[in-house]
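I'm opening a notebook on this model and jotting down what I look up as I go. Contacts come up before anything else.

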Amino acid sequence: MPDTSIPAAPAGQDTDPVVSLQGVSVNYGKNWALRDVTAGFRPGAVGLLGPNGAGKSTMLKALLGFVVPDQGTMTVLGLDVAASPLEIRSRIGYMPENDAHVPGMNAVSFVAYCGQLSGLPAADAMQRAHEVLYYVGLGEARYRNLETYSTGMKQRIKLAQALVHDPDLLFLDEPTNGMDPKGRDEMLELIYDLAHNKGVNLILSSHLLPDVEFTCDYVVVMDKGRVATEGPIDALKGPGGRVYELRVKGDAHAFLGVLRAQGYDCHDTDEDVMRVFVPGDAGAQALFALATREGVQVRHLRPSVPTLEDVFARAVGER
Amino acid sequence: MPIHDQGYRRYQGDRAAAGRAWQVIAQAGVRGIISQRKFLFLLLLAWAPFIVRAVQVYLAANFQQASFLAPRADTFREFMDQQGVFVFFVTIYVGAGLIAADRRANALQLYLSKPLTRFEYVAGKMAILFLFLLLVTWAPAISLLVVQIAFAGSFTFFLAHLFLLPAITLFALVQILLAATTMLALSSMSKSSRFVGIMYAGVMFFTSALFNAVRGITRSSGLAWISPSAALEQLGDVIFRLPPRYDLPPFVAGLTVLGLIAVSVLILERRVRGVEVVT
């Protein structure tokens, strides 16, 4: 019968990685989807961030055993992916990126069916299906056929099927795809709740930085099949310094060069707005001084805090 | 407290060992099919020849004037030939969507992210088709044998034709295995059940037509291996100890059937995957 107790090991307390990759490479014909990737995903909520084609989904599929790496080794929950795929899959939940369901079923039958496929007895699977459907906000629609569901509801049902057997680790691949703003916020709250209150470890693959920043504590940034950077989000954002949104009148391109020559990290965010990371306590005055020296007018200067976007931009080398 | 806090609890109940997921797939598939009235009508129709044959057996057993209707060994062979029509329709009705529908709904990645192997997935799907094909081949043929014993009131016929029980079983198994693997392979190649059904019917009709054309031109049935149906008929005759109807060595007919099953398994191995990699 389902247990009502609070999870024994809250996420984030144990620092042994739940997923680790050692020199993993995956080749699709002439394209390397993953190149010699070595990474560790610690317990809790970890964001797998990167632009489209960075190799995020391929990494998840390799961890699920869908794709066999050309080289390297992977472990999930301490088990070797190549040696114990079934044991791993009984302990993980996977929410795929694209629309996926078993046709001809209503929601509660589908989720219970997934529970049974994961090894739950029929009665327990049905009970869990009802509970999980309420949890993801589909309680009232649980007897509707899945084919009649909206995009947002389909996202929720994918989360429900991934949760029904109470996995120790969730792989969420672009979980907010196609959702309206309200639905997206609710989905992110669910994910946050799972990771931080329910003790479920999760890996959230997304190209949406706010999603990762809201739900995760740790991030692995992928770019062109490689790990560009990884670490706790707060640490990556940097302890000191400020970020400024800056717009200047004059030779902005030359000024950008000057800023970089001074060691400031900066990148474009819009047509004429740049984000400049000023380390230490130098602050805005340093920017004004440089602008004066270079003969450019500062038209807009807004202080900000470093965001994951800055981390991401630095990691993938956007300029 | 948010409402969703009431809906998620950790689970510490029993979990079945790996290796039983195919039963879950089969049970769900069978439940889905038998809930369709159209299919129940087809199943009922498939038992109509049995009713006719049972009446024939009854008349032969109870009325001297109808003794010419008494069943012989080849009666059972003919009966199984007749059931071939229903094997065709049931295979299309049940089998066409078994994998195609999952492919259309991207369900394969869901299935294979659970603790089950590709073999288990295919076994589960095949069990659905296997069961319903048994219901239109083996079950009525064996029932006919039982009816014969019951109406005759003796085991004389049964004991004189002891080979019938294994022959019916073996032929039904070969027929079902061929139909099920071929259909599942075709089903794994498309996302449209309708297209799969048309493909299956096309393969059956085209190969039969081709064989008949070749037979007409060459005036020999030695190329019966062109048509899976003809190869199966040839094997059936051998299994039922009847003179083979074509000039095709039985081992060639057997190789044709085995080859088709092997190719189908190969296709399934390549097509049933959690992810489709296009390079």
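Predicted model: local features only at pLDDT ≥ 70, side-chain atom pairs only at ≥ 80, totals over all residues.

**Entry 1: chain A overall.** I started with contact range. In chain A, 68% of the contacts with a separation of 6 or more are between residues 24 or more positions apart. The secondary structure of chain A comes to 11 helices and 14 strands.

**Entry 2: the cores.** Which residues touch the most other members of the largest nonpolar core? I get A:Leu63, A:Val111, A:Val132, A:Ala160 and A:Leu202, out of 153 residues in that core. Domain 1 and domain 2 of chain A both give residues to this core, so it lies between them.

Leaving out residues up to four places away in sequence, A:Ala160 touches A:Val111, A:Val132, A:Leu133, A:Val136 and A:Leu138.

Entry 3: Next I went to strand β1 (residues 19–28) and strand β2 (residues 31–41) of chain A. They run antiparallel and 7 bridges join them. I checked one pair: A:Val19 stands opposite A:Phe41 in β2(A). The two strands form a hairpin with 2 residues between them, and in the turn A:Gly29 has a positive phi of about 60 degrees.

A:Gln22 is in strand β1 of chain A. Is A:Gln22 buried or partly exposed? A:Gln22 has 14 C-beta neighbours inside 10 Å, so I log it as partly exposed. Not counting residues up to four places away in sequence, A:Gln22 touches A:Thr38, A:Gly72 and A:Thr73. I also ran a distance from A:Gln22 to A:Arg142: they are 120 residues apart in sequence and 42 Å apart in space, C-alpha to C-alpha.

- A:Asp166 has a positive phi of about 55 degrees and is not a glycine. I find A:Asp166 in the loop between α5 (151–163) and β7 (169–173) of chain A. A:Asp166 is buried, because 24 other C-beta atoms lie within 10 Å.
- A:Glu174 has a positive phi of about 50 degrees, again not a glycine. A:Glu174 lies in the loop between β7 and α6 of chain A. With 20 C-beta neighbours inside 10 Å, A:Glu174 counts as buried; the cut-off is 20 or more.

**Entry 4: where A meets B.** I counted the contact between the chains: 45 residues from chain A and 34 residues from chain B. On the chain A side, α1 (56–64), α2 (85–91), α3 (107–117), α4 (122–135) and α6 (181–196) each supply at least two residues. The largest share of that side, 6 residues, comes from α4(A). By class I have 22 nonpolar, 13 polar and 10 charged residues there.

**Entry 5: chain B overall.** Chain B has 12 helices and 0 strands. I looked up its size too: the C-alpha trace spans about 85 × 50 × 30 Å along its principal axes. Of its 279 residues, 39% count as buried. Residues 24 or more positions apart make up 75% of the chain B contacts with a separation of 6 or more.

**Entry 6: one helix of chain B.** Which residues of α7(B) are buried? I list B:Trp138, B:Pro140, B:Ala141, B:Leu144, B:Leu145, B:Val147 and B:Gln148. These buried residues pack against α3 (48–62), α4 (73–104), α6 (118–136), α8 (156–160) and α9 (164–187) of chain B. Just after α7(B), B:Gly153 takes a positive phi of about 70 degrees.

Definitions and conventions. Residues numbered from 1 in each chain as written. Chains lettered and ligands numbered in written order. Pairing = 2+ DSSP bridges. Helix = DSSP H or I, 4+ residues; strand = E, 2+ residues; numbered from the N terminus. Core = buried A, V, L, I, M, F, W, Y, C linked by C-beta atoms within 7 Å. Buried ≥ 20, exposed ≤ 12 C-beta atoms within 10 Å, placed from the backbone. Domains from an automatic or database assignment. Contact = placed C-beta atoms within 7 Å. Nonpolar A, V, L, I, M, F, W, Y, C, P; charged D, E, K, R; others polar.
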